[in-house]
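Colleague: I have the model open and a list of things to check. Can we go through them in turn?

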Amino acid sequence: MTSSTLSRSASTLDENAVLSVLSKVKAGDFSVRLPLDWVGVAGKIADGLNEVITYNQALEAELARVSQVVGKEGRFSQRAALGGRWSNAVDSVNSLIDDLVLPTIEMQRVIGAVADGDLSKKVSADVRGEMLELKNTINAMVVQLNGFISEVTRVTREVGTEGKLGQAAAVTIEVGGVWKDLTDNVNLMAGNLTGQMRNIAEVTTAVANGDLSKKISVEARGEFLVLKNTINAMVDQLNAFSGEVTRVAREVGVEGKLGGQAQSKEVGGVWKDLTDNVNQLAANLTNQVRAIAEVATAVTEGDLTRQVRVEASGEVAGLKDKLNEMIRNLRETTQQNVEQDWLKTNREHFTRILQGQRDLAATAGMILSELAQLVSAQHAVFYSMTSNAGGTDPVLELLAGYGFEERKNISTSFRLGQGLIGQCAKEKKRILLTQVPDDYVKISSGLGEATPLNIIVLPVLFEGAVHAVVELASFSAFSPIHQTFLDSITESIGLVLNTIEANTVTENLLVQSRSQAEELRSQQEELRESNEDLGRQAKLLAEQNIEAETRNHEVEQAKQLLEERAGQLAISSKYKSEFIANMSHELRTPLNSLLILAEQLEDNPEKTMTKRQVEYASVILASGRDLLELLNNILDLAKAESGTVVADLSAVVVEDLRNALFREFEHVAQSRALGFSIEIAPEVPRDIVTDPQRFRQVLKNLLANAFKFTEQGAVTVQLALAREGWSSDTVSLTQAPAVLAISVTDTGIGIGMPEQQRVFEAFAQADGSTSRQYGGTGLGLSISRELVTLLAGEITVRSVLGKGSTFTVYLPLDRASTATTAFAGASATKATSKRERGHHEALDANPFKAKKILVVDDDFRNVFALSALLERGGATVLVAESGEQALAVLAEAPDVDLVLLDIMMPGMDGYATVRAIRLLAHFEALPIVAVTGKVMKGERERCLEAGANDYVPKPVDTAELLATVGPWLTRSAVSTP
């Protein structure tokens, strides 16, 4: 009934509607409701009644649910749940359920324990009324069952478990009624069981022993009869089953009759399962063997695509996997063999079709056509390497194409390294593009165009040289076998291209040769005519040839003589250089001890010598220094003549040079009462670029000669720019933008014209007799000429006998000031005052005090001289005469502060000794100073390279030695803890 039919007016109470709803609610229909659109009092009544109906409906549903889950489903934990004003009724129902359920749960617990065989439990719930009687009855039952079960358990244990058949329950147990009957029945059961079980045991024992002929014959009833029949039926079924299984096993396992099945219809349970398992075993073996046989047959027939797909496990699965792996490996091997056959066949085919080709362009087109078919390429180009006649870099030119269209923005020639074509030729390696952009290139046909998938660029090599580059494009990817094929044929293509190029060159040469042969034939006629004239002239020439041969023979003999003399001169120069080096060493060695000892005597440190004796020592020292200067001059001349002196260019300040010359020669001029001046023209630059040491040495030699040969008058030095005066053969001066002239003019004895021609020769003197007025060796001007030549200049002389001489040195002013390695030798002698000042200052500093120094020298004179000098400074001196002794001394005296080591020693020389000392861990930082008379080029560098810390040439200058050794002794003292 809808609200429209129940209500007449929304504001008026419809009694009939209310009565109808209440009647249906009374009848138990809680689905009806009063209309919801009533208002006023009628609406409130409708809402209240509807709410009551709703709560009744919910309560009915909840009670029905609790009744179902608790009363029927036995879910004792469930309770009614309903909110609102009806909760008291719900709580009363839940309390009733709790009162009923609690004893029930307790009894359930005890009964459950009894059912589980635990007779120690009893009902302990606090109950009343009938529940109390039920509680006592259950507890009494548990007690009686406990006693009865104990006796029955004993009987069943002895009969059923311990196998003591014939046992019976004690009749003295206080039970009656059904329990007494139960006891008798248990005893009866035990007796029956004894007979029946013994008969069953007999039959089962026979079955266990494989005897299926026995059956149970004891009288039995009920289930034992069923058991008897079942066992007898089981024996019959086992008999039939064993026979059937034996048949299947024999047919499948022995006779190989696959597909056999055990036929046993009257079996069930485990026997049926066993039969099914045997049949499944036979079926699985059948399926697996047939599947393997089928695949093996297919493999035998050459079908390597088959696989054993039957389901298998265990060892059969392993066999299946191994067989499938074998087929897969066989398939891969077969595929590789097929690919290798394809590779070999096509390579041979390709090589065969290239044989005999002579046209390069046709060959290139044929190569592209064949390659496109073999590797499924749809687009290809062939670039040939061409060399320009002008000697420029080679270029790759487009020679042939396959499906190729020229485009305006694509070049047809490439240099090495330009584009992928040029880069491939430069690297001589294959380039593969696998992701080609859509707008890179299009392969077109009559039906359309598309972008290739892969592009490959191949260099064509022959004996390591690139002859061509091939580029292929394909819609499909280039397979590895295709790439291998392409890599393998490039050498064959290179060989063919090289052969074609060689044939082309040969043909061109042949054509040229034929053309020249034609020209020669035309010229032969002309020659034939001229031969007659030549015949007449030949006679005349024969006579002249005889005379010319005679002269040539004489010239050849003279040439051989000159070559022999040049060789002898070279050998002589070599021996001369070696002799001078050895002589320098041999002279410097005794001179070293002479200068050191004379200097010690001149110093007279102990004041035990008279003034006269000190003068003797000074004369000896001065003579030794003069001898050293002579030795240096001889050595400088030898070095200059051998070309071992190298200019060390740097800037020389002209004013500093002027001051230095004044300091050195002004006192000489004053002592000889001569005038001395140095004039510098205004146009002379502030500084000049030359070798300062060699330049000063030349000027000192010229000034020394000027003062030596001038008794009255003056010596003048002039510096000015010159435009002439030198020989035109001196290219460095003629091509220089400016030339500096340094003139040394004296008013001395002069030089005659005959002597002017040889004044610059070595050892040349105006008066070489023993009674000559002026001393000297005649080496100064010779050395000066060589040094000026080294400086790219020239030296000239103008002289009038009896009036004086002018020596002029011309030097170019445009030389770069790049310093080169200069010869490290002793050439110029230090001023005496400077040496003496340095000597005394070094002695005053006394770096040798309390130091231990090892002197290694095979010459006892040098050892004595150095020991005297060092001991005077307060040093302790150890001596060794060879490298071996030096190592022994260092092993015994590890506290040595410094080593003075001679280089030229017999046996282990100084270089080997230094290297041996450096190998000793304790002496890696020990200061070692090389003291040697070997002052040839590069000697200092060789000593330092061997491991020495510094280098001092012989004869040893005391000040130089002290200045060299002092810092090393000071450094050693600082580093020593």
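Predicted model: local features only at pLDDT ≥ 70, side-chain atom pairs only at ≥ 80, totals over all residues.

Colleague: Which residues of helix 11 are buried?

Modeller: Helix 11 spans residues 419-427. Seen down the helix axis, its buried residues fall within an arc of 160°, so they line one face of helix 11. That face consists of Ile421, Gly422, Cys424 and Ala425.

Colleague: What covers the buried residues of helix 11?

Modeller: The cover includes several strands. Among them are strand 1 (379-386), strand 2 (395-402) and strand 3 (413-415).

Colleague: Which residue follows helix 11, and what is its phi?

Modeller: The residue after helix 11 is Lys428. Its phi is positive, near 60°.

Colleague: Is Cys424 buried or exposed?

Modeller: Buried means under 20% relative accessible area. Cys424 has a value of 0%, so it counts as buried.

Colleague: And how many disulfides are there?

Modeller: The test is a pair of cysteine sulfur atoms within 2.5 Å. Cys943 is another buried cysteine, with a relative accessible area of 1%. By the sulfur cut-off, the number of disulfides is zero.

Colleague: How many residues of strand 13 are buried?

Modeller: Strand 13 covers residues 739-746. It is largely enclosed by the rest of the structure, because the buried count is seven of the eight residues.

Colleague: Which strands pair with strand 13 in the antiparallel sense over eight bridges?

Modeller: One is strand 12, residues 714-722. There, Leu721 stands opposite Leu740 of strand 13. Another has Thr808 as the bridge partner of Ser743.

Colleague: Which element gives the largest share of the lining of the second largest pocket?

Modeller: This pocket has a volume of about 520 Å³. Of its 25 lining residues, the closest to the centre are Phe404, Arg407, Ile410, Val441 and Glu471. Strand 1, helix 11, strand 5 (443-444) and strand 8 each give two or more residues to the lining. The largest share, four residues, is from strand 1.

Colleague: Which element gives the most to the lining of the second largest cavity?

Modeller: The lining residues include Val654, Leu657, Arg658 and Leu661, along with Ile678, Ile680 and Ile742. Strand 10 (675-680) and strand 12 each supply at least two residues, as does helix 14 (654-671). The top contributor, with four residues, is helix 14.

Colleague: How many residues apart in sequence are Val698 and Val788, and how far apart in space?

Modeller: Val698 is found in helix 15, residues 692-708. It is buried, with a relative accessible area of 1%. Beyond its sequence neighbours up to four places away, Val698 touches Ser784, Leu787, Val788 and Val809. Val698 and Val788 are 90 residues apart in sequence, and their C-alpha to C-alpha distance is 7.5 Å.

Technical notes
Residues numbered from 1 in each chain as written. Heavy atoms only, no water. Buried < 20%, exposed > 50% of the residue type's maximum accessible area, 1.4 Å probe, protein only. Arc of directions from axis to C-beta. Contact = heavy atoms within 4.5 Å. Pairing = 2+ DSSP bridges. 1 Å grid on protein atoms, 1.4 Å probe; cavity = no way out; pocket = protein on both sides within 12 Å on 5 of 7 lines; lining within 4 Å. Points joined across faces, edges and corners; volume = space filled by probe spheres on them.
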